[in-house]
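Here is a short report on one protein chain. Keep the sequence and the 3D view at hand while you read.

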Amino acid sequence: MILPGSNIVVGPYAGHSHIKEVQFVKSSSRPRDCPKDGKPEFAVLGRSNVGKSSLINLLVRKKEFALTSKKPGKTQLINHFLVNKSWYIVDLPGYGTALSFGMTALASYYFDASAFEGLRFANAPDSARTDWSSFTKGYFLNRDTLVAVLLLVDSSIPPQKIDLDCANWLGRNNIPMTFVFTKCDKVKGGKGKRPDENIKEFQEFIRENYREPPPWIMTSSATGLGRDELLLHMSQLRNYWDN
């Protein structure tokens, strides 16, 4: 079965996905200061105004649990939230604050959906460079408990190169990710495209440059779209990781 509003297939590792309790654990300025209890975690990443905090609040169903602001860039640290005392949601700084991406060229990758082995890029040019804050880059490269990155993409605007650059860096470093399209309820006035049109354009670019499309899902913090489906997807990734 393919989950609605996504390309995600429900497999044998799908399991318990309900959130019964969640608590803020700590903020860290260095990867070595992050929790060391070995619990699996999902990192939430995206541009500074993509709606990261809103998505976290939606998942845990607690208003203003994660900091939200009309001023982008409020998240400056690695923030760990413990879910059901067994796994973490990690809120990371958005692009344009602690993160900035240099000019990169997209390479191709494949995603082994059956084994959830993540993303693998090939033929990335040596000239591809990423200017990233050391603590966030270090988190991705050295965090053994990281199950996957939820890479948030704003569906209310056309595809942004910075999002593709981010996906390129993660893929080249063999870090699993899922595209999470946010603001799927938004309809821009004037000549702006609808979210489904922007998502289709983004997907067309992915199909042109990648061997197999990565997991993706549509969400809306305003309507709750995609919440249960995303949690189910996270449960099967987590259960595979545990095994």
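Start with Lys 85, which sits in the loop between strand 3 and strand 4. The model is predicted, and the values below are computed from it. Phi of Lys 85 is near 60 degrees, a positive value in a residue other than glycine. Is Lys 85 buried or exposed? Its relative accessibility is 54%. The cut-off for exposed is over 50%, so Lys 85 counts as exposed.

Asn 84 lies in that loop too, between strand 3 and strand 4. Asn 84 is not a glycine either, yet its phi is positive, at about 50 degrees. Its relative accessible area is 19%. Buried means under 20%, so Asn 84 is buried.

## Strand 3 and its partners

The loop belongs to a hairpin. Strand 3 and strand 4 form this hairpin, with three residues between them. The two strands run antiparallel, and five bridges join them. Strand 4 covers residues 87-91. In this pairing, Asn 79 stands opposite Asp 91 in strand 4.

Strand 3 has another partner. Strand 1 pairs with strand 3 in the antiparallel sense, over six bridges. Here Ser 27 stands opposite Asn 79 in strand 3.

How many of the six residues of strand 3 are buried? Six of the six are, so strand 3 (residues 78-83) is largely enclosed by the rest of the structure. Look at the side chains next. Ile 78, His 80 and Leu 82 point one way from the strand. Asn 79, Phe 81 and Val 83 point the other way. All of these residues are buried.

## The chain as a whole

Now step back. The chain has five helices and nine strands. Read along the sequence, they follow the pattern β-β-α-β-β-β-β-α-β-α-β-α-β-α.

The chain has 243 residues, and 50% of them count as buried. Residues 24 or more positions apart account for 78% of them.

With a relative accessible area of 9%, Val 147 is buried, because the limit is under 20%.

Which residues does Val 147 touch, leaving aside its neighbours within four places in sequence? Val 147 is in contact with Pro 40, Glu 41, Phe 42, Pro 176, Leu 237, Arg 238 and Trp 241. Take Pro 40 from that list. Val 147 and Pro 40 are 107 residues apart along the chain. Their C-alpha atoms are separated by 6.1 Å.

## Aromatic rings

The structure holds eight aromatic pairs. One of them joins Tyr 13 and Tyr 240. The ring centres are 5.2 Å apart and the planes stand at 90 degrees, so the pair is edge-to-face. This pair links distant parts of the chain, 227 residues apart. Tyr 13 is in the segment before strand 1 (22-28), and Tyr 240 is in helix 5 (residues 227-242).

Tyr 240, with a relative accessible area of 27%, is partly exposed. Elsewhere, Phe 179, Phe 181, Phe 202 and Trp 216 form one aromatic cluster.

Rolling a probe the size of a water molecule over the atoms shows where empty space is left. A search of the whole structure finds one cavity of 30 Å³ or more. About 40 Å³ of space lies in the largest cavity.

What lines the largest cavity? The lining residues are Val 153, Asp 154, Ser 155, Ile 157, Pro 158, Pro 159, Phe 181, Asn 198, Ile 199 and Phe 202. Strand 7 (146-154) and helix 4 (195-209) are the elements that give two or more residues to this lining. Helix 4 gives the largest share, three residues. By class, the lining has seven nonpolar, two polar and one charged residues.

Definitions and conventions:
Residues are numbered from 1 along each chain as its sequence is written. This is a predicted model: local features need pLDDT of at least 70, side-chain atom pairs count only at pLDDT 80 or more; totals for chains, interfaces and linings use all residues. Side-chain values use heavy atoms; hydrogens and water are left out. Rings of Phe, Tyr and Trp (its six-membered ring) pair if their centres lie within 6.5 Å; planes under 30 degrees apart count as stacked, over 60 as edge-to-face and the rest as tilted. Helices (H or I, at least four residues) and strands (E, at least two) are DSSP runs, numbered from the N terminus. Buried means under 20% relative accessible area, exposed over 50%, partly exposed in between (1.4 Å probe, protein chains only). Two strands pair if DSSP finds at least two bridges between them. On a 1 Å grid over the protein atoms alone, a cavity is a set of points where a 1.4 Å probe fits but cannot get out, and a pocket is an open set with protein on both sides within 12 Å along at least five of seven lines; lining residues have an atom within 4 Å of a point. Grid points are joined across faces, edges and corners, and a volume is the space filled by probe spheres set on the points. Ala, Val, Leu, Ile, Met, Phe, Trp, Tyr, Cys and Pro count as nonpolar, Asp, Glu, Lys and Arg as charged, and the others, Gly among them, as polar. Contact means heavy atoms within 4.5 Å.
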